[in-house]
Amino acid sequence: RIRSVSYKIKHLKEKLDEIEELLVKKKRGETLDVYQLNKIGTRRAREEEMEKLLALRREHLKSAPEAICRQFGACGNCGVEGHETKDCPRPQRKENQGGGTKKTAQQDRIRNNRSNVQEGKQRTKACDDQPPSSRHEQQDSSAGIEEDQDCPRVLCIAEKPSVANTVATILSNGRKRSRSNPAGHAPMCRIHDFFYHFQPARRKSLISFTSVIGHVEAMEFDEDTGSDPRNLFGARVKKVFETSVEEEEVDRHLLSLAEGRQYLFLWLDCDREGENICFEILRLFRSRGYFLSDDVVFRARFSALSSDSLKRSFSSPGKPNEEEAMAVDARQEMDLKVGVTFTRLLTRRFLEGARRKFN
């Protein structure tokens, strides 16, 4: 709980720092767009949220072991940062004075964790000893999913949260663990963890199934095109993050899940748009140094959300098709240039008609 709240505090501090930078730009007289002005308007709400999170973390730290409090630079007696437990001005709690209660509880937790890890390793060994045909059907319950399992980890990404949930439910026979991003990013894109035999790794692997919310990138002009529509067709274009991706922090969500994953398995829709989203996700990961080799990137080909189709797709992964993705890029560029050209021509025509009528 303390770690989760700390992640949220860190993320919220980054947002507040961005708002402070925008306020400095505004004071200097720089022009801000509507999105930036709206972000400044959320400053008061974010500050109130920060106060609540800090108070919540102090409450959690009060009941945490002193060793945990030291990790977060806080007092184990009152939960306030800035001084050690022995220097706390408030009356010491009984468990802090004697040390026996906390120490015993901590030893019990360590002993339980060790037994859980040992039990998980025994289950992994028993599953690895079985032939691949039976391992396809065997799934572990959510209680047995531990993050420190010594097995390959695969990140699977679908195009929509509903597809991710359906595929994970079918492949795990309903025995999956669903959770939100611990840092609070993209709450609609849930993470579904389960074990399944992954053919490229040739053994049972820990599968983390999540999703995006459609396209990750959008196309816009990379230079000032002026008011003449004839300039549009020779203008350069570039790809930027979709507004919804930045607002919902889908990019942060994906990057946080890429840490520690050995394989990327893309489950986007099997059409050209899905292929294009595959490479948008790849560009995001590779810009931060993840999944740089094509040998660890795979693509699922499925025609229906049925059990047979999904299991067959999982057992025979393919590769993403870059040519189909480039075809979508070309279509998006033409849509942008033709659409803006018609808009400017219509605007010019209506303005000239309005001047003739009212002048």
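A residue is called buried when its relative accessible area is under 20%, exposed when that area is over 50%, and partly exposed in between (1.4 Å probe, protein chains only). Cys156 is buried, at 0%. The model is predicted, so to speak of local features takes pLDDT of at least 70 and to count side-chain atom pairs takes pLDDT 80 or more, while totals for chains, interfaces and linings use all residues. Residues are numbered from 1 along each chain as its sequence is written, and side-chain values use heavy atoms, without hydrogens and water.

Now take helix 10, residues 250-258. Helices (H or I, at least four residues) and strands (E, at least two) are DSSP runs, numbered from the N terminus. Seven of the nine residues in helix 10 are buried. Among them are Val250, His253 and Leu257. What do the buried residues of helix 10 pack against? Their partners include strand 1 (153-158), strand 6 (237-241) and helix 11 (272-287). Contact here means heavy atoms within 4.5 Å. After helix 10 comes Gly260, with a positive phi near 85°.

Next, the cysteines. A disulfide is a covalent bond between the sulfur atoms of two cysteines. Here it is counted when the two sulfur atoms lie within 2.5 Å. The structure holds zero disulfides. Take Cys270: its closest cysteine sulfur, in Cys278, is 8.5 Å away, too far for a bond. Cys270 is partly exposed, at 39% relative accessibility.

Last, a loop. Asp224 sits between strand 5 (217-221) and strand 6. Asp224 is exposed, at 74% relative accessibility. Arg236 is twelve residues from Asp224 along the chain, and their C-alpha atoms are 9.4 Å apart.
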